[in-house]
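Good morning, and thank you for making time for this item. I would ask you to look at the sequence and the structure together while I speak.

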Amino acid sequence: MQFQLILLQATDTVAQAAAAVPEAKEKLSLFALLKEGGILMIPLLLCSVAMVYIFVERFSAIRKANVHESNFMLRIREQILAGNLQGARSLAKSSASPIGRMIEKGVNRIGKPVDSIEKAMETAGKLEVYQLERNMAALNTISRIAPMFGFLGTIAGMIILFFNIQHEGFSLESIAGGIYTKMVTSAVGLIIGLLSYVAYDYLNTQINKMVNKMELAAAEFIDILQEPAKA
């Protein structure tokens, strides 16, 4: 009898404790968190989409431009020394790379002064680099303005916070909205800005590598033109 009484008391205690437990807290999803950022998340979303598009497009273009035969200049040298300028021109045209197009410009100028050939190739090289750098300025701009949108969100969050305190009093519920807007936009803006800067720096490094290869090929081409004179 005493055991049953103890069991009933324990059951009653468990029931009271279960009743006292608050309802399960709402789980915070990523979408819900971003939604708390407010209207300033729209320009940040546009910045992120533009960043991804520009990086993928430029990465593909630079990677494609960097594909050329390792013995390309050796074959050009063989054609020129053999006097087969048409073969050298066809070989450069079939390369379909910045280096090939630059060398094609030089082959077309063979017979003119070396300075004229160098200037023609330099101009062609600059045009190729310009094509490689297309939309890079936009990526650099995104790396700068995204954190500024985040800072603007911080200001908007503070305005919302003080507005709620003024009209609803000081409580966690009244200040939560302003803090959400402040922190979410700041974090997202910094993340987008950081990723854009890293993407810009990486692509710029790949372009510089391509420029170095073009300069090396141009110098090698000039040496090829002067080689018969040394013989």
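On helix H5, the face turned away from the buried side carries Lys93 and Ser94, both exposed. By exposed I mean over 50% relative accessible area, by buried under 20%, and by partly exposed anything in between, with a 1.4 Å probe and protein chains only. Helices are DSSP runs of H or I with at least four residues, strands are runs of E with at least two, and both are numbered from the N terminus.

Please note that this is a predicted model, in which local features need pLDDT of at least 70 and side-chain atom pairs count only at pLDDT 80 or more, while totals for chains, interfaces and linings use all residues. Residues are numbered from 1 along each chain as its sequence is written, and side-chain values use heavy atoms, with hydrogens and water left out.

Which residues of H5 are buried? They are Gly87, Ala88, Leu91, Ala92 and Ser95. These residues lie on the same side of H5 because they cover an arc of only 130° around the axis, the arc being that of the directions from the helix axis to the C-beta atoms. Their cover includes H4 and H6. Just after H5, Ala96 has a positive phi of about 55°.

Phe72 is in contact, meaning heavy atoms within 4.5 Å, with Leu91, Ala92, Ser95, Ile99, Gly100 and Ile103, residues up to four places away in sequence not being counted. Phe72 also belongs to the largest nonpolar core, which has 40 residues; there Phe72, Ile76, Ile103 and Phe221 touch the most other members. Such a core is a set of buried Ala, Val, Leu, Ile, Met, Phe, Trp, Tyr and Cys residues joined through side-chain atoms within 4.5 Å. Helix H9 contributes the most to this core, with 14 residues.

I turn now to Ser143, which sits in helix H8. Is this residue buried or exposed? Ser143 counts as buried because its relative accessibility is 11%. A polar atom of the Ser143 side chain lies 2.5 Å from the backbone oxygen of Asn140. Beyond its neighbours within four places in sequence, Ser143 contacts Gly193, Ser196 and Tyr197.

Finally, the chain as a whole. It has nine helices and zero strands, and buried residues make up 32% of its 231 residues. Of the contacts between residues at least 6 apart in sequence, 77% join residues at least 24 apart.

Note on methods: A polar contact is a pair of N or O atoms within 3.5 Å; within protein, one must be able to donate a hydrogen and the other to accept it, and residues adjacent in sequence count only if both atoms are side-chain atoms.
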